[in-house]
Amino acid sequence: MIVIIFGPPGSGKGTQCSLLAQKYNLKHISTGDLLRKEIREETEFGRKVKLFMAEGLLVPDELIIGMLMNDLDLADGHYGGILLDGFPRTIAQADALEKNLERRNKKTSVLIDLRVDNEELVNRLLLRGYEMGRMDDDLETIKKRLMVYGEKTFPVKEYYKNIDRYLPVDGNGEVEDIFKLICLELDKIQKLNT
Ligand code: AMP
């Protein structure tokens, strides 16, 4: 199974991915977490990406695609599948991903789109900023990230609709209820695969 958990900042991608990775033995790849690790470790790569992240902008495609493909290759065959969190965020990234998978005769199983109301997103992100101190969770940067999402990331939905891999899920409400909704869908996919 290759599953993309998709949605705007604050839609609960990371939370749901942690639960799903455990239940289905999937390798959870979060590009945001990978980037934050590079910054923490003060690598050359970390220095390159830090400003983009702090400003609420996307890291350039060529940097992020290289990083992700490396991880994807490493995970191949070692898990029950892959769970992508925060990737792809542009059409170019979606294209690179599907081309990489195609070379291994694979294709994304499904893109799950967590749909959450805007007001709820901002409230969740402000709370996270307060609790976790993430550098990009202040109101100004949150607004920028939501704008970038609308411009660059939202169109990725169309890409997956066109290849018949798109599935919207209501991401408002309680973590457990949303998790159950996603599990119902993944169970169906697993059945089809066996
Ligand atoms: P996240 O933790 O997924 O919210 O990502 C935090 C930040 O990391 C984003 O606002 C971007 O600056 C950067 N980032 C994460 N994933 C990507 C991606 N696939 N493409 C470009 N930038 C990304």
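1. Phenylalanine 154 counts as partly exposed in this predicted model, its relative accessibility being 44%. Its ring pairs with that of tyrosine 149 in an edge-to-face arrangement, with 6.4 Å from centre to centre and 90 degrees between the planes. Tyrosine 149, by contrast, is buried, at a relative accessible area of 10%. Together with Phe6, the residues Tyr149 and Phe154 make up one aromatic cluster.

2. The pair formed by tyrosine 159 and tyrosine 160 is tilted, because the ring planes stand at 55 degrees, while the centres are 5.1 Å apart. Tyrosine 159 counts as buried because its relative accessibility is 19% and the limit for that class is under 20%. Tyrosine 160 is also buried, with a relative accessible area of 0%. Over the whole structure, the search finds three aromatic pairs.

3. A further contact of an aromatic ring involves a charged side chain. Lysine 161 is placed over the face of tyrosine 166, at a distance of 4.9 Å from the ring centre. Tyr166 also belongs to the lining of the second largest pocket.

4. The second largest pocket holds about 220 Å³ of space. Besides Tyr166, its lining includes Ser109, Val110, Asp164, Arg165 and Leu167. Further lining residues are Glu185, Ile189, Leu192 and Asn193. Strand 5 (166-170) and helix 9 each contribute at least two residues to this lining, and helix 9 gives the most, with four. Sorted by class, the lining has five nonpolar, two polar and three charged residues.

5. The largest pocket has a volume of about 1100 Å³. Its lining comprises 47 residues, divided by class into 19 nonpolar, 17 polar and 11 charged. Those nearest the centre of the pocket are Gly10, Lys13, Arg128, Arg134 and Arg145.

6. Which element gives the most to the lining of the largest pocket? Helix 2 does, with five residues. Among the other elements that each supply at least two residues are strand 1 (2-6), helix 1 (13-24) and strand 2 (27-30). Helix 6 (118-132), helix 7 (139-153) and helix 9 (175-193) likewise each supply at least two.

Definitions and conventions
Residues are numbered from 1 along each chain as its sequence is written. This is a predicted model: local features need pLDDT of at least 70, side-chain atom pairs count only at pLDDT 80 or more; totals for chains, interfaces and linings use all residues. Side-chain values use heavy atoms; hydrogens and water are left out. On a 1 Å grid over the protein atoms alone, a cavity is a set of points where a 1.4 Å probe fits but cannot get out, and a pocket is an open set with protein on both sides within 12 Å along at least five of seven lines; lining residues have an atom within 4 Å of a point. Grid points are joined across faces, edges and corners, and a volume is the space filled by probe spheres set on the points. Ala, Val, Leu, Ile, Met, Phe, Trp, Tyr, Cys and Pro count as nonpolar, Asp, Glu, Lys and Arg as charged, and the others, Gly among them, as polar. Rings of Phe, Tyr and Trp (its six-membered ring) pair if their centres lie within 6.5 Å; planes under 30 degrees apart count as stacked, over 60 as edge-to-face and the rest as tilted. Buried means under 20% relative accessible area, exposed over 50%, partly exposed in between (1.4 Å probe, protein chains only). A charge sits over a ring if NZ of Lys or CZ of Arg is within 6 Å of the ring centre and within 35 degrees of the ring normal.
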